[in-house]
Amino acid sequence: MLRRARERADQLGCTPVLPGTGAALQVLAAASRARAVVEIGTGAGVSALYLLRGMPADGVLTTIDVEVENQRAAKEAFAEEGVRPTRTRTISGRALDVLPRLTDGAYDLVLVDADKESYPAYVEQAVRLLRSGGVLAVDNALWHDRVADPARRDETTTVVREVGRTVRDDARLISTLLPSGDGLLVAVRR
């Protein structure tokens, strides 16, 4: 299922989470017993499959993407995996339009993996959505190993670097950076 989802991602021009990141997401979902998960950036459904594999059978994944075609590919992946339709909720639209309509403190895990320029706003919304003990996961936190290099000052690297600092310094969060995949910034809401 994952292989076919990755192939669809390539066809659509999406960059799916790397296997190490996916495994970490699955473990985080399982460890937190995440029943209510929000994914910002559906892609072709690769990260969603990992999350769903870690979630309990009654867990529901809400996934948001601006591209309807991405969500169609993700639904194919869910069907191939045998995921019941009631376990996923796909919302088409701009995440910054959708997220404010979701309930404060109602989610166990939020994955941020969409356009990097909006990461600061996504993280702000994610923290609002998380219950106490909920998990924030931000993919691409090392951004092709550029984040640690102070000489790299392009806009995307700067934004991702600043998000790491913001999460680290947020008194509401306990955070760490996992070197899995392209870096997975993980935080727990106090």
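A salt bridge is a side-chain nitrogen of Lys or Arg within 4 Å of a carboxyl oxygen of Asp or Glu. The legends below use this term for a predicted model, in which local features need pLDDT of at least 70 and side-chain atom pairs count only at pLDDT 80 or more, while totals for chains, interfaces and linings use all residues. Residues are numbered from 1 along each chain as its sequence is written, and side-chain values use heavy atoms, with hydrogens and water left out.

**View 1. A salt bridge joins Asp-169 and Arg-168.** The N to O distance between these two side chains is 2.9 Å. Asp-169 counts as exposed at 53% relative accessibility, and Arg-168 counts as exposed at 54%. Here, exposed means over 50% relative accessible area, buried means under 20%, and partly exposed lies in between (1.4 Å probe, protein chains only). By the salt-bridge rule, the count comes to 14.

View 2. Side chains of opposite charge can pair when their charged atoms come close. Helices (H or I, at least four residues) and strands (E, at least two) are DSSP runs, numbered from the N terminus. Arg-3 is exposed, with a relative accessible area of 55%, whereas Glu-7 is partly exposed at 36%.

**View 3. Arg-35 forms a salt bridge with Asp-58.** In this pair the closest N and O atoms are 3.0 Å apart. Arg-35 lies in the loop between α2 and β1, and Asp-58 in the loop between α3 (46-54) and β2 (60-65), so the pair ties together parts that are 23 residues apart in sequence. Both partners have an intermediate accessibility label: Arg-35 is partly exposed at 42%, and Asp-58 is partly exposed at 47%.

**View 4. The loop between α2 and β1 also holds Ser-32 and Arg-33.** This loop runs between α2 (19-31) and β1 (36-40). Ser-32 counts as buried at 15% relative accessibility. A polar atom of the Ser-32 side chain lies 3.5 Å from the backbone oxygen of Ala-29. A polar contact is a pair of N or O atoms within 3.5 Å; within protein, one must be able to donate a hydrogen and the other to accept it, and residues adjacent in sequence count only if both atoms are side-chain atoms. Arg-33 counts as exposed, at 64% relative accessibility. The phi of Arg-33 is near 50°, a positive value in a residue other than glycine. Most residues other than glycine have a negative phi.

**View 5. Trp-143 has a positive phi.** The value is near 40°, in a residue other than glycine. Trp-143 is found in the loop between β5 (130-139) and α7 (155-169). With a relative accessible area of 16%, Trp-143 is buried.

**View 6. Asp-170 and Arg-172 meet in a polar contact.** Their side chains are joined at 2.7 Å. Asp-170 is placed in the loop between α7 and β6 (173-178), and counts as buried at 16% relative accessibility.

**View 7. Arg-101 is in the loop between α5 (95-98) and β4.** Arg-101 is exposed, with a relative accessible area of 64%. A polar atom of the Arg-101 side chain lies 3.4 Å from the backbone oxygen of Asp-97. From C-alpha to C-alpha, Arg-101 and Leu-130 are 14 Å apart in space, and 29 residues apart in sequence.

**View 8. Asp-115, Glu-117, Asp-154 and Glu-155 gather in a surface patch of negative charge.** Patches are made of residues with over 30% relative accessible area and no salt bridge; like charges are joined within 9 Å, and nonpolar side chains (Val, Leu, Ile, Met, Phe, Trp, Tyr) within 5 Å. Accessible areas come from the Shrake-Rupley method with a 1.4 Å probe; for residues, only the protein chains shown count as cover. Lys and Arg count as positive and Asp and Glu as negative, while His and the chain ends are not counted. The place of a charge is NZ of Lys, CZ of Arg, CG of Asp or CD of Glu. Glu-117, one of the patch residues, is in the loop between β4 (107-112) and α6 (119-129). Glu-117 is partly exposed, with a relative accessible area of 43%.
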